[in-house]
Amino acid sequence: MSEEPKVALITGITGQDGSYLAEFLLEKGYTVHGIVRRSSCFNTGRIDHIYRDRHETGVKLFLHYGDLCDATNLVGIINKTEPTEIYNLGAMSHVKVSFDMPEYTADCDGVGVLRILDAIRTAGLEKKIRFYQASTSELYGKVQEVPQSETTPFYPRSPYAVAKQYAYWILVNYREAYGMHLTNGILFNHESPRRGRTFVTRKISVAVARIKEGLDKTLYLGNLDSKRDWGHARDYIEGMWMMLQQDEPDDYVLATGETHTVREFVEKAFKCVDIEVVWKGETGTVNEIGVDATDPNRVLVKIDPQYFRPTEVDLLIGDPKKAAEKIGWTATTTFEGLVKEMVAADWEMVRTAPR
Ligand code: NDP
Ligand code: GDR
């Protein structure tokens with residue numbers, strides 16, 4: 001008996017995770033549909049390499065204009081593509097920006113999930129589609145317990161996290177109310193050379209490369225003391241897929257189980273290009289400054305208060321036991337390996353860019 005063809009629909013396909021997931025699913029033989037937003041300039045840089053190949057290789061990747069804020073459009077795309085799996089990765093994903101755009105963030109990241117779940121029901125596909133929601137460790141916000149697991153209480157600390165909490169619970173409600181195969185992946189921070197440049201890890205790796213090449217002098221950062229459980233996006237998108245292959249839908253934490261400060265990331269990243277950072281000034285104050293150990297006159301890092309958030313998430317460290325036991329997922333990339341890969345990629349990018 002031949003298996004039903006696998007068809008995936010990815011919202012947020014142009015983002016970090018969406019691009020890795022599209023590659024991964026195409027490799028597995030899926031037909032992949034992605035939703036892209038109309039923009040005045042190209043916004044498909046992360047997937048151009050697979051989209052272009054399609055003409056020569058017959059790669060089954062199709063793009064559709066759409067938006068999580070447009071219900072009619074979502075119904076149309078789901079009706080037309082009839083996916084067997086939907087990965088909802090689309091979101092206004094920047095925590096700091098969500099304080100500037102709280103209403104839009106609630107609409108896209110919160111109500112957007114309701115729209116897509118209802119679009120599935122409108123299309124009459126609620127028994128056919130398996131759905132993954134990009135939930136987040138930001139739900140844990142103000143520390144209630146460590147490490148954080150599927151049973152840790154939520155205490156969101158940003159408009160982004162509050163919107164994602166709505167998304168989390170509307171999914172659970174629809175799962176219970178309508179028997180749909182809906183899964184929340186509560187993912188801790190995951191990074192890569194494709195990470196957006198305004199997130200702290202990529203901001204650091206790009207700056208390290210530019211400082212090493214003499215193009216910049218100083219990197220401006222906010223809170224160096226917050227701790228994050230950082231993994232590699234490539235590992236985490238595989239976990240998303242593994243969750244949807246389970247007979248029963250459930251919610252899972254994906255994390256490394258290790259935590260590091262932003263300061264450690266900075267030190268390790270500069271170390272990759274043989275620069276040692278020495279910290280001056282009082283810890284945790286705006287006076288804190290990082291200088292080059294071999295040249296104390298060279299200021300590598302300065303604190304800029306504009307990068308602090310009105311409410312911060314101080315400590316994230318996940319407990320990935322359930323994912324390991326139930327679906328067999330574990331993170332494979334170490335913190336050291338992640339930093340090295342990101343710095344190496346950006347150093348190469350900076351070195352080879354036309355000047
Ligand atoms: P990115 O910011 O890299 O990508 C976000 C994607 O969502 C982009 O494709 C973006 O399109 C799209 N998007 C934004 N607004 C809309 C909208 N209104 N309608 C449709 N699409 C939209 O995020 P990541 O890849 O890092 O993260 C993927 C998901 O996982 C997000 O939902 C994020 O909140 C969540 N998450 C991420 C974690 C991480 O550490 N990376 C951890 C936990 C959760 P465009 O390219 O046009 O901007
Ligand atoms: P986060 O990621 O808020 O954890 O959300 P981000 O990289 O933005 O911040 C991590 C920590 O670094 C501190 N920080 C700075 N952050 C940024 N962006 N820029 C700076 O200059 C800077 N200086 C210090 C922050 O205060 C914070 O403590 C990410 C996103 O991908 C979310 O979508 C996802 O849900 C969570 O990870 C899990």
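**Helix α7 and its surroundings**

Reader: Which residue follows α7, and near what value is its phi?
Author: The residue after α7 is a glycine with a positive phi; helices (H or I, at least four residues) and strands (E, at least two) are DSSP runs, numbered from the N terminus. This is a predicted model: local features need pLDDT of at least 70, side-chain atom pairs count only at pLDDT 80 or more, and totals for chains, interfaces and linings use all residues. Residues are numbered from 1 along each chain as its sequence is written, while chains are lettered from A and ligands numbered from 1 in the order in which they are written. The residue is glycine 214, and its phi is near 80°.

Reader: How far does α7 reach from its first C-alpha to its last?
Author: α7 has 13 residues. The expected span is 1.5 Å times one less than the number of residues. That gives 18 Å, and the model comes close to it, at 18 Å.

Reader: How do β8 and β14 each pair with β15?
Author: Two strands pair if DSSP finds at least two bridges between them. β8 (219-221) and β15 (295-303) share three bridges, with leucine 221 partnered by isoleucine 303.

Reader: Is histidine 190 buried or exposed?
Author: Histidine 190 sits in β7 (190-191). Beyond its neighbours within four places in sequence, its contacts are Gly231, His232, Ala233 and Tyr236. With 26 other C-beta atoms within 10 Å, histidine 190 is buried.

Reader: Which residues come closest to ligand 2?
Author: A residue is near a molecule if its C-beta atom, placed from the backbone, lies within 6 Å of it. The shell of ligand 2 holds 21 residues, with α4 (95-100) and α7 (200-212) each supplying at least two. The closest are Val95, Thr136, Val200, Gly222 and Ser226.

Reader: Which domains give at least three residues each to the shell of ligand 2?
Author: Domain bounds come from an automatic or database domain assignment. The C-alpha centres of the two domains lie 32 Å apart. Their contact takes five residues from one and four from the other. The shell draws on domain 1 (7-187) and domain 2 (200-224 + 262-312 + 343-352).

Reader: Which element gives the largest share of the shell around ligand 1?
Author: Of 26 residues there, Gly12, Gly15, Gly90, Ala91 and Ala134 come nearest. Two elements give two or more residues: α1 (16-27) and β5 (130-136). The largest share is three residues, from α1.

Definitions and conventions:
A residue is buried if 20 or more other C-beta atoms lie within 10 Å of its own, exposed if 12 or fewer, and partly exposed in between; C-beta atoms are placed from the backbone. Two residues are in contact if their C-beta atoms, placed from the backbone, lie within 7 Å.
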